[in-house]
Amino acid sequence: MDNQYPVRMKDVISAVFTHYESYDILPEPTTGLLDITDSYDGTWITRGHSSHIGVGFVVEVDKGFIIDQEVISNFCHICSSREKRQLPATPEWMARHASSCNRNYTGTPASMGTEAARRLWSWSTQLGLRYTTYVGDGDSSMYQAVQ
Ligand SMILES: [Zn+2]
């Protein structure tokens, strides 16, 4: 996860802590982590599992706050342009390009929603949260990924 997590999002998470505290639900003392009820959804540029770019987001269910999101893409215009011209992605070139590359996933479009969820769950504790109760629509592939 990026170290420059936006201040506004920190405010949202702080509001989640305050909301749970108003119900006497406090962070677990030994870990400092707050167990919350959440949901997950995503949106993609195109329908039908063919999109190369999308965003998955975690929603705290009681307040409806979007508490985290992950933009995921298996496409980079610059990399694609080089590939079409059959220019090799040498390690030197990739080292220069890596910080601006838009491709942060190499899997299929169909698996991108699940991958975004897996990433969001993997770093939730860095936000001080544990997503212990999931409310969802029965997308079992996403649920299994975050298990
Ligand atoms: Zn690229």
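Me: What share of the 147 residues of the protein chain counts as buried?
Reply: The model is a predicted one. Buried here means under 20% relative accessible area. The protein chain has 147 residues, and the share of them that counts as buried is 33%.

Me: In what order do the elements of the protein chain run from the N terminus on?
Reply: The protein chain has 5 helices and 4 strands. Its C-alpha atoms fill a box of roughly 60 × 30 × 25 Å along the principal axes. From the N terminus on, the order is α-β-β-β-α-α-α-β-α.

Me: What percentage of the contacts with a separation of 6 or more comes from residues 24 or more positions apart?
Reply: A contact needs heavy atoms within 4.5 Å. Take the contacts in the protein chain with a separation of 6 or more. Residues 24 or more positions apart account for 60%.

Me: Which residues are the protein donors of the zinc ion?
Reply: The donor atoms lie 2.0 to 2.3 Å from the zinc ion. Along the chain they follow the spacing C-x2-C-x17-H-x3-C. The donors are C76 (SG), C79 (SG), H97 (NE2) and C101 (SG).

Me: How many residues apart are C76 and C101?
Reply: C76 sits in the loop between strand 3 (66-73) and helix 2 (77-84). C101 sits in the loop between helix 3 (91-97) and helix 4 (112-122). The pair links distant parts of the chain, 25 residues apart.

Me: Is the site of the zinc ion tetrahedral or irregular?
Reply: Four donors count as tetrahedral if all angles lie between 85 and 135 degrees. Among the 4 donor atoms here, the angles are 103 to 118 degrees. The site is tetrahedral.

Me: Is C76 buried or exposed?
Reply: The cut-off for buried is under 20% relative accessible area. C76 has 1%, so C76 is buried.

Me: Within what arc do the buried residues of helix 2 fall?
Reply: In helix 2, C79, S80 and R82 are buried. Seen down the helix axis, the buried residues line one face of helix 2, because they fall within an arc of 160 degrees.

Me: Which exposed residues does the face of helix 2 turned away from its buried side carry?
Reply: Helix 3 is among what covers the buried residues of helix 2. The face turned away from the buried side carries exposed residues. They are H77 and K84.

Me: Over the face of which residue does R82 lie?
Reply: R82 is one of the buried residues in helix 2. R82 lies at 4.1 Å from a ring centre. The ring belongs to W93.

Me: Which residue follows helix 2 with a positive phi?
Reply: The phi in question is near 55 degrees. The residue that follows helix 2 is Q86.

Me: How are the rings of Y40 and W121 arranged?
Reply: The count of aromatic pairs comes to 3. Y40 and W121 have ring centres 6.0 Å apart and planes at 70 degrees, so the pair is edge-to-face.

Me: How many residues apart in sequence are the parts tied together by W121 and Y134?
Reply: The rings of W121 and Y134 have centres 6.1 Å apart. W121 lies in helix 4 and Y134 in strand 4 (residues 129-134), so the pair ties together parts whose separation in sequence is 13 residues.

Me: Is Y134 buried or partly exposed?
Reply: Y134 belongs to one aromatic cluster with Y40, W121 and Y131. W121 counts as buried at 14% relative accessibility. Y134 has a relative accessible area of 21%, so Y134 is partly exposed.

Terms used. Residues are numbered from 1 along each chain as its sequence is written. This is a predicted model: local features need pLDDT of at least 70, side-chain atom pairs count only at pLDDT 80 or more; totals for chains, interfaces and linings use all residues. Side-chain values use heavy atoms; hydrogens and water are left out. Donors are N, O and S atoms within 2.8 Å of the metal (3.2 Å for Na, K and Ca); water is not among the atoms, so sites may look incomplete. Four donors count as tetrahedral if all angles lie between 85 and 135 degrees; four count as square planar and six as octahedral if opposite donors are over 155 degrees apart and all others between 65 and 115; anything else is irregular. Helices (H or I, at least four residues) and strands (E, at least two) are DSSP runs, numbered from the N terminus. Buried means under 20% relative accessible area, exposed over 50%, partly exposed in between (1.4 Å probe, protein chains only). The arc is that of the directions from the helix axis to the C-beta atoms. Rings of Phe, Tyr and Trp (its six-membered ring) pair if their centres lie within 6.5 Å; planes under 30 degrees apart count as stacked, over 60 as edge-to-face and the rest as tilted. A charge sits over a ring if NZ of Lys or CZ of Arg is within 6 Å of the ring centre and within 35 degrees of the ring normal.
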